[in-house]
Amino acid sequence: MTTYTERAKGSPAADFFSEHAQVLSIAFFFLACVLFFSATTDTFMTLGNILNVIRQAAPILIVAVAMTFVIITGGIDLSVGSQVALVNAVAAIILAMGYPWPLVVLVMLAFGALVGFLHGWFTAYQGIPAFIVTLAGLSILRGFALYLTQGYSIPIKDAPGFFALGRGALFGVPVPALIAVAAAVIGYVVIKSTKYGRQVVAVGSNMEAARRVGMPAKWIIASVYLISGLACALAGLLIAARLGSGSSNAAVGFELQVIAAVVLGGTSLMGGRGTILGTVLGTLTIAVIGNGLILMHISPFFTQIVTGAIILIAIWLNTRIFTANFRFGAGRNR
Amino acid sequence: MVVDRQNIEAVTGVGGASPSRAGVAPRVSLKGIRKTFGSHQALRGVDLDIFPGECLGLVGDNAAGKSTLTKIISGTYIPDDGTITVEGQAVRFSGPADARNLNIEMVFQDLSLCDHIDVVGNLFLGREISKGPFLDTGTMLAEARKMLDALEIRIPRLTARVEKLSGGQRQAIAIARAASFNPKVLIMDEPTSALAVAEVEAVLALINRVKAKGVSVILITHRLQDLFRVCDRIAVMYEGTKVAERDIGKTDLEDLVRLIVGEGAKQ
């Protein structure tokens, strides 16, 4: 008689590994960097240095969390650096006019959201590729910042409450880092366990399917750019508060750092797949590499080369080795 | 091309005795539906009635307009001309959400699943159960298990992403999604193309079961033998028009094949 048996369930460990391969690989990479710099420099593993690293990484992390949303929908926002610079400059100009800083913070956040929404409107409702829309934004917004400031740096005076945003500390942790952690936690929860997060993933995974089940696909696309604009405004304010001035030359190359951090964290540029945890690790990896190389007294110009090479190697490892088909002990027989 | 010389007789839906159902109001009634994509006339004036508790088989050659017609009923495409009446009310869908609100569900040929979302998430796509702003994952998981068990679909791990599943399992999920939320009209575009023997049987049994509950089913399939097991009526499409309608008892495989390839028209 023929006997029918059920196939055994896959081991939970293997399922866990294959589903989180990207995050695990960047976590491994991050730890390797930390161990390497701890071993090669005396100062890396000191509290002061670590606080400094996270204070500097805060603006990147905030924008990277928002960028994760954008990239999960299959889009991209190249204009983040220019948005940060514009908010940075305009905030300084308005503060110099003597308006109270809490008002300026709120107005700038609203302004950032509006600029982001304009990008989203062109992308989602007018069907122009996000790459083009935000590339134009990159040029236009930086141009506005330069025009308004005439290229000068604008000092911010007598706003101690505002400076506390960038320089202060709560329980020994820098305020920008606390804000960044809060942003990351919110981003994590929203993507993982809210209806909106599910809609963002669905639109990135299969936009037509999302539309067919009645999701407001266009609005969701537009909204992620709005979030990006909001995050850029926050980052711009934190940078202005830390430096005590606003400049149109702030955050040059910022968009590349942010996108590198997100991609390093395993978020797919094709959309649908991405995690906030990966983005946090990606951001910290880039920050640690930049900081560690300086502490090793390697030329700051060399940092860029190393950062770029490490991104390439990490992504290469991600795509070639830590793929969904990877298995312990069976990785070699292809 | 045939498209250029429109056959008036075909447009008005003649060609074979149109089966009458006196006394029963159609659940969905299409009149003079036209749809053009660029210069391609996908539908050239189609009339079709679907009654409660019946299964209508929609057959035709490739590119005959079957999928386009069903996508119009499900609100995915907006017709250029013609009227849609649902339960006596004239409706104008502005998108798929409108049709879904009227309990018109569709299994799409491309399945319309989100590969990066797990099985549970796909079953509840667009209908997520939430507690406040948060997804109620526990309830959805339990409900999803019940939904799949009811359809005898076996998927071991419901938290697996859909991209990891086989073609048949994916198709089963798409069917479960459409069939599980009390549809009044269930449209299935090639639902069994990737299914194994037992699963095809399960789908055919499902169609008979939902029919008994009064659901109107529209089935598109190239497996003509399946039509004779579940359908009450068959509509044949040819080059964007409905060329014939047959009661299942008054036709056979040969007759259908002849209507599909359009031998009648060529003579």
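**Close-ups of a predicted two-chain model**

**View 1. The open sheet of chain B.** Six strands of chain B line up in the order 6-9-10-3-11-12, making an open sheet with mixed pairing. At the edges stand strand 6 (104-107) and strand 12 (241-247) of chain B; each has a single partner strand, so one side of each goes without a neighbour in the sheet.

**View 2. Strand 9 of chain B and its two partners.** Strand 9 of chain B runs parallel to strand 6 of chain B, and 4 bridges join the pair. With strand 10 of chain B, strand 9 of chain B also pairs in the parallel sense, here over 5 bridges. Val185(B) is a handy residue to look for: Ile104(B) stands opposite Val185(B), and in strand 10 of chain B the bridge partner of Val185(B) is Ser216(B).

**View 3. Both faces of strand 9 of chain B.** Val185(B), Ile187(B) and Asp189(B) point one way from the strand, while Leu186(B) and Met188(B) point the other way. With 5 of its 5 residues buried, strand 9 of chain B is largely enclosed by the rest of the structure.

View 4. Strand 3 (residues 55-60) and strand 11 (residues 233-238) of chain B are a parallel pair held over 5 bridges. Look for Gly60(B), which stands opposite Met237(B) in strand 11 of chain B. Helix 7 (residues 197-212) of chain B lies across strand 3, strand 9 (185-189) and strand 10 (216-220) of chain B. Relative to strand 10 of chain B, helix 7 of chain B runs at about 155°.

View 5. The secondary structure of chain B comes to 10 helices and 12 strands. Of its 267 residues, 46% are buried. Among the contacts in chain B with a separation of 6 or more, 71% link residues 24 or more positions apart.

**View 6. Helices 5 and 6 of chain A.** Helix 5 (residues 101-125) and helix 6 (residues 130-149) of chain A pack at about 145°, and their axes are 9 Å apart. The crossing is right-handed. From helix 5 of chain A, the contact uses Val115(A), His119(A), Phe122(A) and Thr123(A); helix 6 of chain A brings Ala130(A), Val133(A), Thr134(A), Gly137(A) and Leu141(A). By type, these residues are 5 nonpolar, 4 polar and no charged.

**View 7. Around Ile62(A) in the largest nonpolar core.** Which residues touch the most other members of this core? They are Ile62(A), Val63(A) and Ala231(A), out of 176 residues. Helix 11 (residues 217-243) of chain A gives the most to the core, with 19 residues. Leaving aside residues up to four places away in sequence, Ile62(A) touches Ile179(A), Ala180(A), Ala183(A), Ala231(A), Leu234(A) and Ala235(A).

**View 8. Where chain A meets chain B.** The contact takes 18 residues from chain A and 20 residues from chain B. On the chain A side, helix 9 (195-205) and helix 10 (207-212) are the elements giving two or more residues. Helix 9 of chain A has the largest share, 5 residues. This side of chain A divides into 5 nonpolar, 6 polar and 7 charged residues.

Notes: Residues numbered from 1 in each chain as written. Chains lettered and ligands numbered in written order. Predicted model: local features only at pLDDT ≥ 70, side-chain atom pairs only at ≥ 80, totals over all residues. Contact = placed C-beta atoms within 7 Å. Nonpolar A, V, L, I, M, F, W, Y, C, P; charged D, E, K, R; others polar. Axes fitted to C-alpha atoms, helices over the stretch in contact; angles between N-to-C directions. Left-handed = near helix turned anticlockwise from the far one by under 90°. Pairing = 2+ DSSP bridges. Core = buried A, V, L, I, M, F, W, Y, C linked by C-beta atoms within 7 Å. Buried ≥ 20, exposed ≤ 12 C-beta atoms within 10 Å, placed from the backbone.
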